Amino acid sequence: MKSKMKKRKISVFEEFNLLLLGGFCLLVLLPFLHVVSLSFSSPESSFAQIRFIPEKFTLQNYVQVFKNKYIYSGFANSIFRTVVGTFLSVLATVCAAYPLSKTYFPHKTFWTLFIVFTMFFSAGLIPTYLWNKQLGLMDNKLVLILPGLISAYNVVIARNFFMGIPESLEESAKIDGANDILIFFQIVAPISKAIIATLALWIAVGHWNAWFDSTLYIRDAGDQVLQVVMRRIVLEGQIAAMELDDPNLASAANPETIKAATIMVTTLPILCVYPFVQKHFVKGVVVGSVKG
């Protein structure tokens, strides 16, 4: 006898949730589509109303954006900061969190509370600036990475994740003669891809979007990150900041379309990274947040 599969009816509560979440998705998606449309619109297009399809399609806005010499140096500096900063931050975070997850670590509770304490209290901007200056990090790209190398919140999340790994795995490896470093990098790290990918995504997005520390510690325009270049164009709204080689193009350009094209140029790279770590993201956050 063939069993008849009954379709589960969707409740009114679930329908309401779907409509509500769909509305939130539209609130996020529609402004993004408007910026995309604006970035491909010709300077003489009418911007009196929101558009999702360019009135007059053109690539001239992107051509003018990429004529700015600081766009290329900004891309290089942002990529350097994001790649190197993310790698070093993830490495330092997991190396700090792993010992704190062990019951035999001396004074584990004290050091955990000591790290958590820094989440609520900090020295402030002026002492931090003077400290970085004393360390000789002014006008040095490492100033964008080293001061914020480890986040207390990330350490706690990673610690909670490592606490869920069975100790029997490490005990069996120790019987075979493996030391703690070998156990961590060859056994613990491979089965911790979820939390590592989650931390990498958080840190990479933070580095890519950061701009304030660059304006504070870096004075050479060629060493500024991409977000500073974008900020100069978007907030000031000056075509002169683009330093175009062709004055005729500058006079024919529209500041709004240039801003939109610049936003797209700086936003798309980090959007392309998310699909590769999305499958680990939810698992890493959930598992890393439930342990005490």
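A quick word on labels: helices here are DSSP runs of at least four residues, numbered from the N terminus. Keep in mind as well that this is a predicted model.

With that in hand, find helix H7, which covers residues 167-175 and holds Glu170. Is Glu170 buried or exposed? Its relative accessible area is 5%, and since the cut-off for buried is under 20%, Glu170 counts as buried. So what does Glu170 touch, once neighbours within four places in sequence are set aside? Its contacts are Tyr98, Lys102, Tyr104, Ile183 and Val188.

The largest pocket comes to about 480 Å³. It is lined by 25 residues, and those closest to its centre are Arg81, Leu144, Pro147, Gly148 and Asp213. Helices H3 (69-100), H5 (125-134), H9 (193-209) and H10 (212-217) each put at least two residues into that lining. By type, the lining of the largest pocket splits into 13 nonpolar, 10 polar and 2 charged residues.

The second largest pocket holds about 200 Å³ of space. Thr86, Ala200, Leu201, Ala204 and Val273 are the closest to its centre, out of 13 lining residues. Here H3, H9 and helix H13 (255-290) each supply at least two residues, with H9 giving the most, 6 residues. What kinds of residue make up the lining of the second largest pocket? There are 11 nonpolar and 2 polar ones, with no charged residues.

Note on methods
Residues numbered from 1 in each chain as written. Predicted model: local features only at pLDDT ≥ 70, side-chain atom pairs only at ≥ 80, totals over all residues. Heavy atoms only, no water. Buried < 20%, exposed > 50% of the residue type's maximum accessible area, 1.4 Å probe, protein only. Contact = heavy atoms within 4.5 Å. 1 Å grid on protein atoms, 1.4 Å probe; cavity = no way out; pocket = protein on both sides within 12 Å on 5 of 7 lines; lining within 4 Å. Points joined across faces, edges and corners; volume = space filled by probe spheres on them. Nonpolar A, V, L, I, M, F, W, Y, C, P; charged D, E, K, R; others polar.
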